[in-house]
Amino acid sequence: MKKIILISVISLVVFYLIREKVYKPYIWKKNINTKEHQLQLGSFIFSKETGINGSQSYQKYYFVFKVIEINGDYVRLSVIRQLSQKDNLKESDFSITSDQYKSLKQNIKNLTIIPILFEDLYKGDGPRFTLNDYLLTKYPVLKQSRYYYEDIPEGSKNKPMPENPNDLEMYFNMVYSKKEIIEKGQLVPWTMTNSFNGKPLLSNYSKNIDLIIN
């Protein structure tokens with residue numbers, strides 16, 4: 001009986017390793033070379049991970065990103081969120097539930113998702129990240145959809161890395177490695193943390209990519 005259990009455990013481990021190390025990388029590379037799932041400017045990237053919440057219990061977290069800049073190996077992402085209704089700021093609008101995640105995967109190409117300049121989110125009366133009059137005037141399409149992502153001006157995109165060290169931390173906010181996305185299906189951030197020569201490093205932290213949709 002013990003021998004049967006041992007063989008079963010070994011078989012499961014082997015199956016898991018083959019799935020994770022062989023099958024999944026093969027499927028990823030096959031998909032990312034198709035037009036619908038190829039990384040490009042404007043792509044939507046879906047990612048989910050398990051983490052520990054405030055009560056020290058495990059919880060699933062869901063993320064949907066928009067690719068807003070590709071500059072060499074630097075891929076800048078912006079999180080898809082919802083603005084809260086006017087004068088009704090809700091913390092839940094800053095996160096995505098499991099049901100929303102599934103719905104976005106199925107319908108994202110049919111949704112209106114508005115690029116809003118970062119500085120505009122801090123203008124107007126009332127709580128920030130709500131449908132205030134300033135945003136509705138500048139982005140009237142927000143009346144159709146509260147989904148948005150933070151964008152940067154076109155003139156700020158695809159520029160060389162700043163020479164001023166004080167600007168580097170901001171520059172590498174939400175910037176990930178193109179190579180790691182394509183070859184490994186992972187979001188690996190570029191970071192200036194622990195850099196001693198003024199050059200960015202790839203972080204040891206990563207998120208697995210679930211899907212890319214164009």
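This is a predicted model: local features need pLDDT of at least 70, side-chain atom pairs count only at pLDDT 80 or more; totals for chains, interfaces and linings use all residues.

**Exercise 1.** Work out which strands sit at the edges of the open sheet of 3 strands.

*Solution.* Start with the strand order, which is β4-β6-β5, with mixed pairing. Now look for strands that pair on one side only: those are β4 (81–82) and β5 (114–117), the edge strands. Next, follow β5 across to β6 (residues 147–151): the two run in the parallel sense and share 4 bridges. To find your place in that pair, look for I116, which stands opposite E150 in β6.

**Exercise 2.** Decide whether S43 is buried or exposed, and find its polar partners.

*Solution.* First locate S43: look in the loop between α1 (2–32) and β1 (44–52). Its relative accessible area is 0%, and buried means under 20%, so S43 is buried. Then check the side chain of S43: it makes a polar contact of 2.5 Å with the side chain of N214. A polar atom of that S43 side chain also lies 3.4 Å from the backbone oxygen of Q38. Beyond its neighbours within four places in sequence, S43 touches several residues, among them F65, K66, V67 and I212.

**Exercise 3.** Find which element gives the most to the lining of the second largest pocket.

*Solution.* Begin with the pocket itself, which holds about 580 Å³ of space. It has 22 lining residues, and R76, F118, I152, M170 and N173 are the closest to its centre. Elements giving two or more residues are β2 (58–71), β3 (74–79), β6 and α4 (165–171). Sorted by class, the lining has 11 nonpolar, 3 polar and 8 charged residues.

Terms used. Residues are numbered from 1 along each chain as its sequence is written. Side-chain values use heavy atoms; hydrogens and water are left out. Two strands pair if DSSP finds at least two bridges between them. Buried means under 20% relative accessible area, exposed over 50%, partly exposed in between (1.4 Å probe, protein chains only). A polar contact is a pair of N or O atoms within 3.5 Å; within protein, one must be able to donate a hydrogen and the other to accept it, and residues adjacent in sequence count only if both atoms are side-chain atoms. Contact means heavy atoms within 4.5 Å. On a 1 Å grid over the protein atoms alone, a cavity is a set of points where a 1.4 Å probe fits but cannot get out, and a pocket is an open set with protein on both sides within 12 Å along at least five of seven lines; lining residues have an atom within 4 Å of a point. Grid points are joined across faces, edges and corners, and a volume is the space filled by probe spheres set on the points. Ala, Val, Leu, Ile, Met, Phe, Trp, Tyr, Cys and Pro count as nonpolar, Asp, Glu, Lys and Arg as charged, and the others, Gly among them, as polar.
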